[in-house]
Amino acid sequence: MDATTISTLASSVVAVLAPYLAKAGEEFAKEVGKAASSKIGALYQMLKTRFKGQPAAAEALADIEAMPDNEDTRTALRLQLKKQMTTDPAFADMLRQLLDEIGHDQQATTFLTQIYGGKVGEIINIDKLEGGLTINKDQ
């Protein structure tokens, strides 16, 4: 896997995980119970398990748990993820597969949309498109 793909994958993991951890920080005990059944929770648990016995990686995950909105903690986790994926392509493949599942999971995408905040006027998910697409929006 090339460096650009690894970097993109690491950024995607952090982008999915940070809002989950921010929400979990508000009601951690309640959310951790739900984590086991959610795809995002599975991603989080996979990283926790993977990083056991690896102080720098475990610290990066702990820091983003404590400060999910802090860009420095996000950067540190991205760096650790890139290191892990560079040395273990199977780990990178597992992350890519799990991110794919998260992207196709209605509950996960709803959660991410709600947690990222802001106003969403309209969301259109297109799984497969053949031919052209025109969207006209009356102003």
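The model is predicted, so local features need pLDDT of at least 70 and side-chain atom pairs count only at pLDDT 80 or more, while totals for chains, interfaces and linings use all residues. Residues are numbered from 1 along each chain as its sequence is written, and side-chain values use heavy atoms, leaving out hydrogens and water.

Let's start with two helices; here a helix is a DSSP run of H or I with at least four residues, numbered from the N terminus. Find α3 (residues 39-51) and α6 (residues 89-103), whose axes come within 9 Å and cross at roughly 165°. Each axis is a line fitted to C-alpha atoms over the stretch in contact, and the angle, from 0 to 180 degrees, is taken between N-to-C directions. Angles over 145 degrees count as roughly antiparallel, and α3 and α6 are therefore roughly antiparallel to each other.

Which residues meet between these helices? On the α3 side they are Lys39, Ile40, Ala42, Leu43, Met46, Leu47 and Arg50, and on the α6 side Phe91, Met94, Leu95, Leu98, Leu99, Glu101 and Ile102. Contact means heavy atoms within 4.5 Å. These residues divide into 11 nonpolar, no polar and three charged; Ala, Val, Leu, Ile, Met, Phe, Trp, Tyr, Cys and Pro count as nonpolar, Asp, Glu, Lys and Arg as charged, and the others, Gly among them, as polar.

Now look at the core. In soluble globular proteins, nonpolar side chains tend to be buried together. A nonpolar core is a set of buried Ala, Val, Leu, Ile, Met, Phe, Trp, Tyr and Cys residues joined through side-chain atoms within 4.5 Å. The largest one here has 29 residues, of which Leu17, Leu43, Leu47, Leu77, Leu81, Met85 and Leu95 touch the most other members. Helices α1 (3-26), α3, α4 (55-66), α5 and α6 each supply at least two residues of this core, and its largest share, 10 residues, comes from α1.

Finally, meet some single residues. Not counting residues up to four places away in sequence, glutamine 80 touches Ala56, Ala57 and Ala60. Arginine 74 also lies in helix α5 and is buried, with a relative accessible area of 18%. Methionine 94, in helix α6, counts as partly exposed at 42% relative accessibility.

Key:
Angles under 35 degrees count as roughly parallel, over 145 as roughly antiparallel, 65 to 115 as roughly perpendicular and the rest as oblique. Buried means under 20% relative accessible area, exposed over 50%, partly exposed in between (1.4 Å probe, protein chains only).
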